[in-house]
Amino acid sequence: MIYLDYQATTPLAPEALAAMLPWLELQHANPHSPHAPGRAARAAVEVARAQVGALLPPGGSLAFTSGATEALNWAIKGTTGPIVTLATEHAAVLDTVAATGRQVTVLPVGPDGLLDLAAARAAIVPGTGLVAAMLVNNEIGVVQPIAALAEIAHEAGALFLCDAVQGYGRVPIPPTCDLVAISGHKIHGPKGIGALWVRDGVTLAPLLHGGGQEALGRSGTLSPALCAGFGAAAKVAAIRVDADAGHVARLFALAAERLQLASLPPASGRGTGGWTLNGSAIHRYHGNLNLRREGLDVARLMSDLRDIAFSAGSACASGSGRPSHVLRALGLSDAQARSSIRIGFGRMTTEEELMTALDRICAAADAQRVAA
């Protein structure tokens with residue numbers, strides 16, 4: 001199996017597994033208990049908190065959560081006032097803001113997936129309570145101008161929430177964010193754990209009511225194993241940040257050449273091999289290739305290539321039968337959105353694996369055209 005679905009989840013790092021095993025096998029204490037085993041478990045949690053926090057801005061507190069969905073729900077529901085967000089946000093943001101009953105403004109994006117800052121400035125006015133935007137889009141890999149957007153939010157007196165799930169450990173998080181949501185399994189850590197970073201001085205109403213055991217009053221018993229795995233993954237990411245970025249950039253360049261995208265103006269993303277890159281070719285994380293090809297039957301393509309793990313879009317929306325709201329926000333038709341695939345790669349992807357997979361994807365797509 002060639003695994004090319006890094007936006008959905010990343011392979012578990014060996015270091016993360018090693019950090020988790022003692023807490024799964026032998027050390028079962030509750031980290032909120034006052035006895036010695038409980039204090040040892042708590043110490044492991046605090047080590048992990050420091051490791052995860054090292055990749056976040058200074059001047060804030062980090063609370064572990066069950067994942068980024070909980071973190072985003074907490075950040076949104078814990079604040080007050082009108083909300084401004086983007087049409088290409090994750091469902092964990094769009095569905096949550098809709099559920100609050102507050103006034104919500106959803107800003108459009110251009111064909112490249114980027115926000116128009118002038119439109120943002122016009123929409124984010126005094127009285128706005130929260131502005132929420134994703135650092136790296138989970139479907140198309142586009143990197144939004146988060147620092148500029150946070151500045152606009154602050155000028156209006158609003159808080160700024162950054163969904164940094166896809167960017168954490170890969171793309172610098174602007175220090176002007178007020179709230180940052182992250183997830184363990186997107187950086188080679190375990191599933192079932194995320195975190196919310198909150199700038200000092202920002203207060204949130206609780207999302208979960210109970211014992212208030214965790215930082216910032218989050219209720220629920222933490223898993224030392226999951227915390228340790230997340231921490232170890234973050235530590236490795238901090239050490240390997242430059243090496244990982246260089247590896248991904250090389251793979252992206254090779255893929256663009258193989259798909260005949262490399263010789264074209266970078267902003268266009270249109271290739272001579274029949275493939276078009278969805279989203280900006282410049283302002284993007286290079287471990288994401290979201291491609292479309294006219295008339296492509298994606299379901300048939302995935303059936304023909306069952307030993308290659310790639311995606312037709314967000315894993316969270318798979319099976320819904322609806323075209324991607326992100327691709328529709330770029331102005332693509334339903335047919336264009338449904339003829340798009342997402343290829344995600346990273347630290348553990350080899351050049352041979354990626355080139356083999358792309359050759360087979362192109363051959364299968366060509367065979368569809370011939371058969372038609």
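Biologist: Which salt bridge does Arg199 form, and with what N to O distance?
Modeller: This is a predicted model: local features need pLDDT of at least 70, side-chain atom pairs count only at pLDDT 80 or more, and totals for chains, interfaces and linings use all residues. Residues are numbered from 1 along each chain as its sequence is written, and side-chain values use heavy atoms, with hydrogens and water left out. A salt bridge here is a side-chain nitrogen of Lys or Arg within 4 Å of a carboxyl oxygen of Asp or Glu. Arg199 meets Asp178 at 3.6 Å.

Biologist: Which parts does the pair of Arg199 and Asp178 tie together?
Modeller: Strands (E, at least two residues) and helices (H or I, at least four) are DSSP runs, numbered from the N terminus. Arg199 lies in strand E8 and Asp178 in a loop, so the pair links parts 21 residues apart in sequence. The parts are strand E8 (194-199) and the loop between strand E6 (159-163) and strand E7 (179-183).

Biologist: Are Arg199 and Asp178 buried or exposed?
Modeller: Relative accessible area decides: buried is under 20%, exposed over 50%, partly exposed in between (1.4 Å probe, protein chains only). Both Arg199 and Asp178 are buried.

Biologist: How far apart are the closest N and O atoms of Asp304 and Arg300?
Modeller: Both sit in helix H8 (residues 298-304), four residues apart, so about one helical turn separates them. Asp304 is partly exposed at 43%, and Arg300 is partly exposed at 35%. Their salt bridge has its closest N and O atoms at 3.7 Å.

Biologist: How many salt bridges are there in the whole structure?
Modeller: One of them joins Asp334 and Arg328 at 2.6 Å. The search of the whole structure finds 14.
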